[in-house]
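Welcome to this guided tour! Please open the structure in your viewer and keep the selection tool at hand.

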Protein chains: 2
Amino acid sequence: MTDTTTRRIAKDALYDGFATIGRALAAGRRAEIVELLAQGERSVEQVARELDQSVANTSHHLRTLARAGLVGSQRSGTHVRYRLASDDVLELWAAVRRVAAAQLEGFDELATGYLGARDEVEVVDRDEVLDRLARGEVLLVDVRPVAEYAAGHLPGAISVPPDRLELLDDLPADRDVVAYCRGPYCVYADDAVRRLHRLGRRAMRLEDGLPEWRRANGPIAVGG
Amino acid sequence: MTDTTTRRIAKDALYDGFATIGRALAAGRRAEIVELLAQGERSVEQVARELDQSVANTSHHLRTLARAGLVGSQRSGTHVRYRLASDDVLELWAAVRRVAAAQLEGFDELATGYLGARDEVEVVDRDEVLDRLARGEVLLVDVRPVAEYAAGHLPGAISVPPDRLELLDDLPADRDVVAYCRGPYCVYADDAVRRLHRLGRRAMRLEDGLPEWRRANGPIAVGG
DNA sequence: TCGCTGTTCAAACCGTTGCTTGAATGTCGA
DNA sequence: TCGACATTCAAGCAACGGTTTGAACAGCGA
């Protein structure tokens, strides 16, 4: 065998290695898992419930992700807690989302199908929110399950869990509302903003979710 | 059908969309194509030759990448020139490499298999090279095919194509040598550094390749 | 128009993978 | 030690995807 063919084989093997990272993200259910674990660690059963998948299948997917090095796990008593392996994975996932949003044919239809028409939902970015918060112009609303709120939220944010959106109706009416949730493709904040609009209030969503906020070293408050 | 199931379906569809980006990178040959196109545009035939693949198969892969929005194409006479769709794709690819290098089990063996033992090859980063260049301490060597050198290279770099490494033997001996090529997983620079070592010279490789350098807004010279 | 070249298409083969089902493993509390 | 519960394993099916082969389809130059 010539030297160039052995190099060829080694090169193919190396790039097959890179490809296992791609393959790990090549299934929709696994993509959902990554997005979910970006929120914090979960047990297999928690993941399965949130994805509407069988526990066996979920475990299988988690193993695939673990083999590719994207997630790690840790036994804690009878449960096994899974989490993203590192912040690199978070950035990889953000890069995937960015490319999909910018380049993927038909992506807008998919996003609208899940999130609803988004042109009616005003978006504000990190800096603007910090700015207007400091001036006391806005009310921050965290639209995620209480457990996630407790694990960390934006300072001053009020918890309005997605299954209790009626709490929005009693919010003090003196300020505009900025809602945020898990990330740019999380429905909760959109639902909240639309409900507030129907009440005749001014409301918008934060561009980022909590993981992006944390990743950008935004201030975080913990607890109840 | 209940409202939550329609949402479930729409969510799955959205994440299947994200997954098509992952699927595009889920084959080793396509990963090689992305890395190659990061160097600049190529025709199908050029890509096929560099990958040692049939033209038909290469065309097939390029179509897959195009469907996912990662590459674009443009007819120019009898050729079709393919290129990466945007800088987002470059960053996505960089994120994949980073995760693989940091997290993927067995990656080091794969890398060593292709590139050889790397602990003997000293690495310098962008800032240090700029620094030492400014002080006239180093000789820069561009170890890529002449066409790529002509399309853009680091200012002051001498072209030493990978198939003419013997040119290294006549380099002025008054300075250390820094070699670079296509990227962190490109063999050319390593080959050059090893050859210089055998000549008893001090040599190292630049951490980045030209695409990363350009992406970081490093200075570029054209022609020559 | 014809032939040449670069590119794409279509079909077929075969290995891989996502999901389901049912059983096995492992850990904790009684 | 036993039973309950969370997780993993194994087998099987249907669908998908990478590669090969051979043919079809442009543009271009004569």
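Start by selecting strands E2 (residues 71-76) and E3 of chain B, which run antiparallel and are joined by six bridges. Strands, labelled E, are DSSP runs of at least two residues, while helices (H or I) need at least four, and both are numbered from the N terminus. Two strands pair if DSSP finds at least two bridges between them. This is a predicted model, in which local features need pLDDT of at least 70 and side-chain atom pairs count only at pLDDT 80 or more, while totals for chains, interfaces and linings use all residues. Residues are numbered from 1 along each chain as its sequence is written, chains are lettered from A and ligands numbered from 1 in the order in which they are written, and side-chain values use heavy atoms, leaving out hydrogens and water.

Now click on B:Gln74: its bridge partner in E3(B) is B:Arg81. Next, go to the turn of the hairpin that E2(B) and E3(B) form, with two residues between them. There you will find B:Gly77, whose phi is positive, about 65°.

Which strand also joins E3 of chain B (residues 79-84)? Select strand E1 (residues 42-43) of chain B: two bridges link it to E3(B), and the two strands run antiparallel. In this pairing, B:Arg42 has B:Tyr82 as its bridge partner in E3(B).

Time for some charged side chains! Side chains of opposite charge can pair when their charged atoms come close. A salt bridge is a side-chain nitrogen of Lys or Arg within 4 Å of a carboxyl oxygen of Asp or Glu. Over all chains, the structure holds 67 salt bridges.

Stay in chain B and select B:Asp176 and B:Arg202, which form a salt bridge at 2.9 Å, N to O. This pair links distant parts of the chain, 26 residues apart: B:Asp176 lies in strand E7 (residues 176-180), and B:Arg202 in the loop between helix H9 (187-198) and strand E8 (203-206). Are these two buried or exposed? B:Asp176 is buried at 18% relative accessibility, whereas B:Arg202 is partly exposed at 42%. Buried means under 20% relative accessible area, exposed over 50%, and partly exposed in between (1.4 Å probe, protein chains only).

Move to chain A and select A:Arg144 with A:Asp142: their side chains meet in a salt bridge (2.9 Å, N to O), and both residues are buried.

Finish with A:Glu137 and A:Arg135, a salt bridge whose closest N and O atoms are 2.8 Å apart. A:Glu137 is partly exposed at 30% relative accessibility, while A:Arg135 is exposed at 53%.
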